[in-house]
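Subject: Structure handover

Hello,

Here is the structure I said I would pass on. My notes on what turned up in it follow below.

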Amino acid sequence: MAAAIHQEAVFKASPSRVYRALIDAKEHAAFTGAPASIKAEVGGSVSTHGGQIEGRVLHLSPDRLIVQAWRPAAWPEGTYSVVRIELKGEGKGTRLVLDHTGIPDGASDMLDQGWKMRYW
C-alpha cells in the first residue's frame, strides 16, 4: 500500500519568494546548496540535489501551487510519487503545505526526514 506524507512549514518570506525558491533552478540550487535543473512549465523536467531527485511538472499556479511527478533516482525506473506544494499567505509570511502521496512501501520515513532536513 502506498504511503503519504503531510507537512506544514511557515517561512518569513512572501508566497512569491517561496515559490521561486522551489521552482526556479538557480534559486532552488542556492536554497538547498545542491545543483538543480528545473523547467518551470507543465511537462517540464525536474532534477534536484545533483540528480538524486527527478521528475516532471504536472501543474503550476504561480505563487500558489506546485504539483510534480517525483522520484528518487534510486527507485525502480517508472516508479513515481506525487508532490503537491500549496503556498498560502500568512501575515507577512507564507504557510507551505506539502502533501507527498503514492510513496512506495518502506520509503516514507526516509522521505519524511529528507523534506525536513533539506527544505525546512
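The largest cavity holds about 110 Å³ of space. Please keep in mind that this is a predicted model, and that the values here are computed from it. A search of the whole structure finds one cavity of 30 Å³ or more. The lining of the largest cavity is made up of 13 residues. Those nearest its centre are L22, H28, Q68, W115 and Y119. Three strands each give at least two residues to this lining: strand 3 (45–48), strand 5 (65–72) and strand 6 (81–90). Strand 5 has the largest share, with three residues. By type, the cavity lining comprises ten nonpolar residues, three polar ones and no charged ones.

The largest pocket comes next. Its volume is about 220 Å³. The residues that line the pocket are H49, Q52, I53, W70, P72, A74, M110, L111, G114, W115, R118 and Y119. Both strand 5 and helix 3 supply at least two residues of this lining, and helix 3 has the largest share, with five residues. Eight of the lining residues of the pocket are nonpolar, three are polar and one is charged.

Helix 3 deserves a paragraph of its own. The helix covers residues 108–118, and S108, L111, D112 and W115 are buried in it. Why can these be said to line one face of the helix? Viewed down the axis of helix 3, the buried residues fall within an arc of 105°, so they line one face. On the other side of the helix, D109, M110 and M117 are exposed. The cover over the buried residues includes strand 1 (3–11), strand 5, strand 6 and strand 7 (93–103).

Now the charged pairs. Side chains of opposite charge can pair when their charged atoms come close. The structure has eight salt bridges, and I describe some of them here.

R95 forms a salt bridge with E8, with 3.0 Å between the closest N and O atoms. This pair links distant parts of the chain, since R95 is in strand 7 and E8 in strand 1, 87 residues apart. R95 also forms a salt bridge with E90, where the closest N and O atoms are 2.8 Å apart. Together, E8, E90 and R95 are linked in a network of salt bridges. How buried or exposed are the members of this network? R95 is partly exposed, with a relative accessible area of 25%. E8 is partly exposed at 41%, and E90 is partly exposed at 35%.

Another salt bridge joins R17 and E27, with the closest N and O atoms 2.3 Å apart. R17 lies in helix 1 (residues 15–23) and E27 in helix 2 (residues 25–32), so the pair ties together parts that are ten residues apart in sequence. R17 is partly exposed, with a relative accessible area of 38%. E27 counts as partly exposed too, at 24% relative accessibility.

Some loop residues remain.

- H49 sits in the loop between strand 3 and strand 4 (53–61). Its phi is positive, about 55°, although H49 is not a glycine.
- D63 is in the loop between strand 4 and strand 5. D63 is likewise not a glycine, and its phi is positive, near 65°. At 29% relative accessibility, D63 counts as partly exposed.
- G33 belongs to the loop between helix 2 and strand 2 (37–38). G33 counts as exposed, at 68% relative accessibility. The C-alpha atoms of G33 and T79 are separated by 26 Å, and the two residues are 46 residues apart along the chain.

Regards

Methods: Residues numbered from 1 in each chain as written. Predicted model: local features only at pLDDT ≥ 70, side-chain atom pairs only at ≥ 80, totals over all residues. Heavy atoms only, no water. 1 Å grid on protein atoms, 1.4 Å probe; cavity = no way out; pocket = protein on both sides within 12 Å on 5 of 7 lines; lining within 4 Å. Points joined across faces, edges and corners; volume = space filled by probe spheres on them. Helix = DSSP H or I, 4+ residues; strand = E, 2+ residues; numbered from the N terminus. Nonpolar A, V, L, I, M, F, W, Y, C, P; charged D, E, K, R; others polar. Buried < 20%, exposed > 50% of the residue type's maximum accessible area, 1.4 Å probe, protein only. Arc of directions from axis to C-beta. Contact = heavy atoms within 4.5 Å. Salt bridge = Lys/Arg side-chain N within 4 Å of Asp/Glu carboxyl O.
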